[in-house]
Amino acid sequence: MEDLGAKVSYLALAVGTRVYDVESAPVGVVEHVLADERSDIFHGVIVAPPKPYGSHRFAYREQIADLYERGVVLSVPGAEMHEPGEDTPAREVEGAGDDPAQVGLRRAWEWLSRPR
């Protein structure tokens, strides 16, 4: 893996930053950082896969080992990231309470499904 630079806060994580799994395999790039900045709560990142492969994935904060200037390192294999797709609509996870993975998945689905 290349030199990823200094560790950074989720607030400084740039769109387009490369994402690597626990085995240093590239799994995509950061497309969006999901956070509630007013409450200083980091939910995770939406990862865009290398084109033309696959679909967007969501790595919630417990699946992220470290954030760096030029890379995000996961604590899990890339296959364990969640897919915020039509099979997990926001209405299904609304009653999930405070489970961080479900909150993050709901926010990921809301971000991906909004009109652009």
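## A buried leucine

L13 is buried, as its relative accessible area is 9%. The model is a predicted one. L13 lies in the segment before β1.

Beyond its neighbours within four places in sequence, L13 is in contact with V30, V33, V45, L67, Y68 and V72. For L13 and V33, which are 20 residues apart along the chain, the C-alpha atoms are separated by 7.5 Å.

## The aromatic pair

The structure contains 1 aromatic pair. The ring centres of Y10 and F42 are 5.1 Å apart and the ring planes stand at 20°, so the pair is stacked. This pair links distant parts of the chain, 32 residues apart: Y10 belongs to the segment before β1 (18-20), and F42 to strand β3 (residues 41-48).

## Strand β3 and its partners

Of the 8 residues of β3, 7 are buried, so the strand is largely enclosed by the rest of the structure. Strand β2 (residues 26-36) runs antiparallel to β3 and is joined to it by 7 bridges. F42 in β3 is the bridge partner of A35. The hairpin of β2 and β3 has 4 residues between the strands, and D40 in this hairpin takes a positive phi near 55°.

Strand β4 (residues 57-60) also pairs with β3: the two run antiparallel and are joined by 4 bridges. Here I46 stands opposite F58 in β4.

Key: Residues are numbered from 1 along each chain as its sequence is written. This is a predicted model: local features need pLDDT of at least 70, side-chain atom pairs count only at pLDDT 80 or more; totals for chains, interfaces and linings use all residues. Side-chain values use heavy atoms; hydrogens and water are left out. Rings of Phe, Tyr and Trp (its six-membered ring) pair if their centres lie within 6.5 Å; planes under 30 degrees apart count as stacked, over 60 as edge-to-face and the rest as tilted. Buried means under 20% relative accessible area, exposed over 50%, partly exposed in between (1.4 Å probe, protein chains only). Contact means heavy atoms within 4.5 Å. Two strands pair if DSSP finds at least two bridges between them.
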